[in-house]
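When chains of a protein meet, a reader may want to know what each side brings to the contact. This report takes up that topic, one interface at a time.

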Protein chains: 4
Amino acid sequence: MKAVVLRGDWEPKPEFRLGPKDIDQKQTYLGSKVWRNPCLGIEEVNIPEPGPGEVLIEVKACGICGSDVHMAQPDADGYIWYPGLTGFPAVLGHEFAGIVKKAGPGAVNKRTNKPFSGGEYVCAEEMLWCARCQPCADGYPNHCEHLDELGFNVDGAFARYIVVPDRVVWSLESLKKLYPGNDLFLAGSLVEPTSVAYNAVVQRAGGIKPGDNVVICGGGPVGLAACAILKSMGAARVILSEPEAGRAAIGRALGADFVVNPLTENFVERVLELTDGYGAKLYLEATGLPTIVYPLIEQCIWDGRTLNSTIVVVARADAKMPVTGEVLQVRRAQIVGAQGHSGEGTFPRVIEAMASGMNMLPMITKKITLDQVPEHIISLRTDRSECKITCLMD
Amino acid sequence: MKAVVLRGDWEPKPEFRLGPKDIDQKQTYLGSKVWRNPCLGIEEVNIPEPGPGEVLIEVKACGICGSDVHMAQPDADGYIWYPGLTGFPAVLGHEFAGIVKKAGPGAVNKRTNKPFSGGEYVCAEEMLWCARCQPCADGYPNHCEHLDELGFNVDGAFARYIVVPDRVVWSLESLKKLYPGNDLFLAGSLVEPTSVAYNAVVQRAGGIKPGDNVVICGGGPVGLAACAILKSMGAARVILSEPEAGRAAIGRALGADFVVNPLTENFVERVLELTDGYGAKLYLEATGLPTIVYPLIEQCIWDGRTLNSTIVVVARADAKMPVTGEVLQVRRAQIVGAQGHSGEGTFPRVIEAMASGMNMLPMITKKITLDQVPEHIISLRTDRSECKITCLMD
Amino acid sequence: MKAVVLRGDWEPKPEFRLGPKDIDQKQTYLGSKVWRNPCLGIEEVNIPEPGPGEVLIEVKACGICGSDVHMAQPDADGYIWYPGLTGFPAVLGHEFAGIVKKAGPGAVNKRTNKPFSGGEYVCAEEMLWCARCQPCADGYPNHCEHLDELGFNVDGAFARYIVVPDRVVWSLESLKKLYPGNDLFLAGSLVEPTSVAYNAVVQRAGGIKPGDNVVICGGGPVGLAACAILKSMGAARVILSEPEAGRAAIGRALGADFVVNPLTENFVERVLELTDGYGAKLYLEATGLPTIVYPLIEQCIWDGRTLNSTIVVVARADAKMPVTGEVLQVRRAQIVGAQGHSGEGTFPRVIEAMASGMNMLPMITKKITLDQVPEHIISLRTDRSECKITCLMD
Amino acid sequence: MKAVVLRGDWEPKPEFRLGPKDIDQKQTYLGSKVWRNPCLGIEEVNIPEPGPGEVLIEVKACGICGSDVHMAQPDADGYIWYPGLTGFPAVLGHEFAGIVKKAGPGAVNKRTNKPFSGGEYVCAEEMLWCARCQPCADGYPNHCEHLDELGFNVDGAFARYIVVPDRVVWSLESLKKLYPGNDLFLAGSLVEPTSVAYNAVVQRAGGIKPGDNVVICGGGPVGLAACAILKSMGAARVILSEPEAGRAAIGRALGADFVVNPLTENFVERVLELTDGYGAKLYLEATGLPTIVYPLIEQCIWDGRTLNSTIVVVARADAKMPVTGEVLQVRRAQIVGAQGHSGEGTFPRVIEAMASGMNMLPMITKKITLDQVPEHIISLRTDRSECKITCLMD
């Protein structure tokens with residue numbers, strides 16, 4: 001079968017020492033320190049076979065994620081931008097939906113609580129948590145100490161078929177009523193990025209109560225998904241901060257009541273004006289620019305009257321945010337970090353929310369074929385006009 | 001000014017002993033044991049004057065509550081039905097909205113954090129928590145040990161004017177955008193009953209996460225308000241159990257996705273069918289018939305696959321529910337009791353939710369004048385076709 | 001090797017229909033409906049071999065649990081008393097500690113996050129959660145839909161060796177400092193029953209805050225363990241209700257400040273007297289007699305002034321408790337069910353608590369050899385004077 | 001009566017503009033911007049009279065707080081160090097215990113729920129929350145928008161008598177069993193500072209579960225009290241970071257299992273070593289030097305394996321902490337701010353914890369008379385050898 005394969009040269013930077021989880025020539029936890037000269041292309045690979053507890057899924061739709069872009073993007077020295085777990089060569093793609101074709105022995109369908117049979121419409125988590133380390137045993141699969149990741153160090157979904165363990169597979173059958181034809185698979189391919197946002201604002205931040213205000217900083221897929229989730233959760237005002245007009249429009253379609261352009265408007269003044277001087281209960285940092293964004297959020301909390309605000313940091317960045325403890329004290333506020341999408345009933349709830357009307361499809365701004373995937377992974381390095389570009393298998 | 005006044009004879013039943021909080025001839029915590037021959041009428045009373053920390057409000061709208069009906073309703077022996085705190089004679093009425101006319105010294109407007117000035121559109125809590133007992137100091141005003149209640153043992157709002165302490169007054173200014181003319185006051189008069197539901201399903205039950213299912217048993221005002229709140233909070237399916245067609249229709253208008261008629265349908269089968277065999281995360285007992293309803297809810301939990309269900313008991317009843325501990329164990333479920341509407345930011349959140357689109361007005365099925373209030377308090381003893389009857393002051 | 005094996009005849013009662021999880025002639029979810037003529041003895045069985053992800057443990061200590069007694073105890077018709085998951089013949093025993101002797105491929109030690117090597121001192125959960133059903137994926141292994149249980153339907157630990165999957169194995173290395181010689185294994189064998197109590201009072205009930213009062217009804221191993229846990233958590237007063245003098249003494253040794261004899265004292269009066277009229281924040285029902293105990297607890301809550309009380313039902317019983325919703329409402333109280341001991345970091349926290357001084361050893365009132373296990377499983381049908389009888393492998 | 005009175009000159013700095021809550025010549029929210037030339041002395045003042053809802057308390061013991069020191073301490077320009085709410089002249093002193101001598105009309109004793117009568121042993125919150133602003137109505141008195149503070153802008157307790165509103169008074173009667181003679185009042189005077197620590201680690205940080213580790217940075221009174229609270233709550237290891245030997249010794253007496261000297265030891269290595277590489281569930285920043293301390297805490301979290309760590313910032317500082325969002329993400333951690341001691345049942349729980357054995361008396365290193373208070377308020381500017389110096393009224 002045809003697949004979008006990423007290759008790279010294993011050339012660890014001189015100062016980089018392999019850690020206990022890195023595997024020489026094959027896999028590392030710090031991609032940007034090791035992989036050079038990324039090379040992306042369509043290749044012919046074998047159709048995989050499901051082992052015990054695994055299922056073979058025919059992929060119907062798979063979206064391009066920012067991490068796909070960064071894995072295939074070299075910096076000035078030729079090293080890839082993506083800093084995380086990677087093992088090449090690998091088939092990319094992890095935001096997907098499809099149909100179960102075959103099940104290995106013992107593979108169980110969580111929906112029926114019976115062995116998987118073919119024909120089930122499904123999506124899957126990208127994180128292959130091990131189910132045996134301490135974080136997994138304690139209920140925190142997003143922090144698995146033996147993680148594999150679909151489309152990163154394990155073959156992903158930009159291909160006709162993919163094999164995944166049953167424990168990360170979730171049925172999409174309940175979407176059938178509301179999403180005709182390919183819309184079901186397109187919606188299904190959005191479950192994963194929506195779950196990242198859901199994990200951040202619902203599971204980690206503790207959600208909101210109806211009547212609370214929220215501010216979302218950054219209109220990338222996670223920020224946009226957060227707009228939809230929080231509006232569906234009863235936010236009085238969803239305020240999206242995003243300079244790009246196209247993203248702003250999608251934000252409005254998904255549930256943002258107001259959009260602030262932080263480049264042309266005074267963010268703090270505008271947020272306080274829109275909230276009658278209160279500010280917000282929940283602030284989501286989804287820009288990746290926390291050194292710029294955090295001080296603005298902090299000012300909203302300090303100047304506003306809302307107590308108990310929670311700032312959720314979901315965008316990855318290693319920059320230091322300048323945090324004033326006194327603001328957290330006087331306003332009874334907190335900061336939490338969020339990563340991942342697994343566990344705590346996130347995937348099934350996102351699917352049920354979609355099945356009952358939370359429509360994420362406006363996030364998809366372009367549909368392409370498998371052959372077009374590599375060129376779009378490359379064009380997205382610079383193209384901010386598209387939001388989610390999704391491959392529909394013919 | 002004219003006011004709807006309830007009088008009664010202080011004739012404690014022979015077996016009844018006054019408790020420490022009862023006051024001979026004037027006030028009791030167990031109305032149905034003491035007050036006989038209730039007499040309801042329009043009387044001329046003095047306009048009250050606000051003391052320190054109090055405000056005088058011109059009432060614009062006030063709804064009739066079931067407790068108004070039961071206070072004025074004699075049983076076979078002539079004793080009133082209402083079992084709670086009562087002190088007669090009293091002006092009835094506690095679900096109201098109006099305009100601040102005058103403020104006593106030191107009365108503070110929570111919206112502006114400044115002394116009250118006239119003209120503010122407001123509503124008020126019905127519970128006059130003391131702010132000095134241990135439950136109040138600990139943050140549980142719904143369980144105040146020195147409670148007074150507007151329209152029960154303190155003069156209420158079926159009159160042109162009412163005086164209330166500032167701490168229970170909440171601004172309705174944010175409703176102005178969405179609710180023109182008298183709609184603002186009608187909506188404002190619904191804040192109190194909506195807050196009872198909000199306290200039950202959000203504060204006490206811990207709310208839901210988007211994608212969860214809920215079942216509301218009983219389409220009285222609290223059950224109907226719960227439909228609106230939980231739909232606004234992202235419930236995948238709001239299932240209302242209610243036999244009366246008119247109430248069912250209001251439930252649908254407020255957010256119920258499905259209505260089950262428990263008299264003609266198999267409640268358990270229907271709930272499981274509508275939820276793909278899962279049942280619900282939250283069950284609200286709002287019928288007052290827990291001995292009938294609880295076993296049905298329990299069966300849904302036992303037969304369904306949902307873990308962590310919460311059953312909230314909000315309707316008052318002293319009957320014993322037959323609870324199987326094993327069901328709570330196997331399904332990781334819990335039962336909570338809910339009373340009141342004060343504290344925890346409930347009133348301001350309900351107002352903000354209404355201000356941003358949670359429209360409760362379909363609950364009001366009839367508008368009347370002050371003169372018509374007594375006859376409607378009496379007709380509601382038997383009339384189930386009306387939901388909320390609200391007095392609009394001319 | 002020698003092992004304590006339980007056999008029985010597969011004779012389903014006429015009215016009993018096998019469910020989807022029952023396996024004809026081998027395993028059922030309702031033991032007391034199926035197994036007849038239990039027969040307990042020492043047998044010679046093969047030493048098991050660890051498969052992928054499994055470890056072989058040399059058992060050093062294993063306690064007798066009430067369920068061991070009930071599995072081997074016939075009723076008047078010859079059916080076993082134990083109502084749950086069972087698959088015979090099986091080696092009994094699930095409260096054990098020992099030393100890792102051999103590891104199958106891929107078996108990981110959670111303490112080191114590396115492959116298991118021999119010599120690690122360990123204990124194990126009794127519940128073999130599947131790690132692939134929805135409850136497991138959502139973080140609720142105590143409610144696994146594909147559960148196996150050590151010593152119930154899978155061979156247990158009354159034998160020299162046992163094989164278990166790595167995911168349920170927990171290191172006891174941190175006990176070495178405080179527990180010399182066999183004390184380490186005796187303490188380790190108490191981790192499982194202590195975890196059942198911990199799951200009930202900490203995880204399900206939400207624990208307490210320092211200065212809160214608690215009431216423990218029932219001085220069986222779970223109730224006694226709860227005394228120790230809650231005293232270590234800062235309870236102002238731990239009140240144990242238990243009629244048997246020996247159990248009362250153990251309760252005091254483990255942390256109970258007061259013991260009430262419910263057969264000779266007025267439970268409600270005594271609890272209120274000991275708590276200055278407040279009652280308790282947490283009530284644990286660990287007697288198995290909820291129809292007797294619940295009304296007493298309810299009366300304490302109603303007559304006491306404590307708000308937010310939580311009643312945890314941990315003892316198994318299918319009797320209906322008569323619950324007055326009004327009490328839950330007026331006192332802002334709740335009822336929760338608790339089962340199991342897995343997940344949420346319970347095992348590792350119990351071990352660390354023991355390692356830092358929470359001494360559970362007073363629970364063990366007798367030490368026996370493997371050969372003596374069958375006779376003691378039988379004598380415990382009537383003998384209430386012993387608490388925990390533990391087999392020490394020579 | 002004699003009283004310790006602080007006076008100062010109202011000389012707002014040129015750049016300082018009075019805010020809405022400042023009162024010219026009398027009171028300000030930013031003391032260090034306004035008050036110059038502090039002057040501390042013993043003066044003769046009138047015995048106050050309790051008004052409605054107030055009680056007159058005969059002071060028996062009152063401790064010196066760091067804020068007393070800073071209010072009376074001029075900087076190089078003569079302005080006081082203390083930056084918060086102040087209104088001079090004022091009697092200082094807010095950590096006190098005494099005996100109720102007289103009650104104004106309507107003043108209620110929370111213990112008995114009846115009007116106060118003389119003779120009750122009591123202590124009081126320092127924060128006079130207004131009970132009418134939005135934070136108070138919502139249950140957050142620590143964030144009252146109309147706060148007065150005993151011994152800051154309202155006359156305090158370094159005097160024979162003090163008047164306070166009933167809502168902040170708490171009975172110490174339950175201490176009588178364990179604390180003979182003056183020990184009761186000394187213990188009672190420690191309820192306030194202990195409640196500040198309790199609010200931080202229990203209410204704001206959510207406490208711990210038995211078996212968790214904690215790290216306390218800073219052995220001032222709040223940090224030391226936190227050691228006692230967290231040890232009483234079941235911490236496996238309480239690690240105190242404190243360079244001063246005397247403070248370290250008090251920390252050990254109160255419950256610290258280990259003390260790290262951050263000036264002579266490698267804090268991060270030592271914490272990881274003591275916790276078997278895990279780090280802690282709760283870190284308390286109680287040094288006031290967050291720019292130094294935060295990076296060390298962050299490193300412990302990053303290098304340790306504990307998930308869900310909470311960092312509580314209780315010491316006041318306006319410096320920016322450099323926070324790496326990625327650490328919060330990867331370790332599922334959070335930062336919360338804590339201020340105050342009121343509400344949520346904190347005072348009564350601290351008293352009950354003390355009554356049942358949590359002994360805070362080791363914190364008091366010196367007892368003095370009223371006449372000696374001014375000189376000790378001054379000597380404490382430099383003297384780190386004393387912990388809590390407490391005035392015992394003769």
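Buried area is the accessible area, found with a 1.4 Å probe, that two parts lose on being put together, summed over both. The model discussed here is a predicted one, and with that in mind we can turn to its interfaces.

**Chain A and chain C**

Chain A and chain C bury about 2,000 Å² between them, and carbon and sulfur atoms account for 50% of that area. In chain A, the residues that lose the most area to chain C are A:N113, A:R132 and A:A137, which together make up 29% of what that side buries. The contact draws on 23 residues from chain A and 23 residues from chain C.

Side chains of opposite charge can pair when their charged atoms come close. Across this interface of chain A and chain C there are two salt bridges, and C:R132 and A:D166 meet in a salt bridge with an N to O distance of 2.7 Å. On the side of chain A that touches chain C, α2(A) gives the most, with three residues. By class, that side of chain A divides into eight nonpolar, seven polar and eight charged residues.

**Chain A and chain D**

The contact between chain A and chain D takes 38 residues from each of the two chains, and the area buried between them is about 3,300 Å², of which 46% comes from carbon and sulfur atoms. Within chain A, the greatest losses of area to chain D fall on A:R204, A:Q329 and A:R332, together 22% of what that side buries.

Eight salt bridges cross the interface of chain A and chain D; D:R332, for instance, forms a salt bridge with A:E344, with the closest N and O atoms 3.0 Å apart. Four elements of chain A give two or more residues to the side that touches chain D, namely α2 (134–138), β20 (320–324), α9 (325–330) and β21 (334–337). The residues on that side of chain A comprise 18 nonpolar, nine polar and eleven charged.

How do the strands β20(A) and β20 of chain D run where five bridges join them? They run antiparallel, and the strand of chain D covers residues 320–324. In β20(D), the bridge partner of A:P322 is D:P322.

A rotation of 180°, with 0.0 Å of shift along its axis, superposes chain A on chain D with an RMSD of 0.0 Å. The two copies are therefore related as by a two-fold rotation axis. The same surface serves both copies, since 100% of the contact residues of chain A recur in chain D.

**Polar contacts and salt bridges**

| Interface | Residue pairs in polar contact |
|---|---|
| Chain A and chain D | 35 residue pairs |
| Chain A and chain C | twelve residue pairs |

Over all chains, the count of salt bridges comes to 87. One of them lies within chain A, where A:K2 forms a salt bridge with A:D371, the closest N and O atoms being 3.0 Å apart. A:K2 lies in strand β1 (residues 2–10) of chain A, while A:D371 lies in the loop between β22 (364–368) and α11 (373–379) of chain A, so this pair ties together parts that are 369 residues apart in sequence.

Note on methods
Residues are numbered from 1 along each chain as its sequence is written. Chains are lettered from A and ligands numbered from 1 in the order in which they are written. This is a predicted model: local features need pLDDT of at least 70, side-chain atom pairs count only at pLDDT 80 or more; totals for chains, interfaces and linings use all residues. Side-chain values use heavy atoms; hydrogens and water are left out. Contact means heavy atoms within 4.5 Å. A salt bridge is a side-chain nitrogen of Lys or Arg within 4 Å of a carboxyl oxygen of Asp or Glu. A polar contact is a pair of N or O atoms within 3.5 Å; within protein, one must be able to donate a hydrogen and the other to accept it, and residues adjacent in sequence count only if both atoms are side-chain atoms. Ala, Val, Leu, Ile, Met, Phe, Trp, Tyr, Cys and Pro count as nonpolar, Asp, Glu, Lys and Arg as charged, and the others, Gly among them, as polar. Two strands pair if DSSP finds at least two bridges between them. Copies are superposed by least squares on the C-alpha atoms of residues with pLDDT of at least 70 in both.
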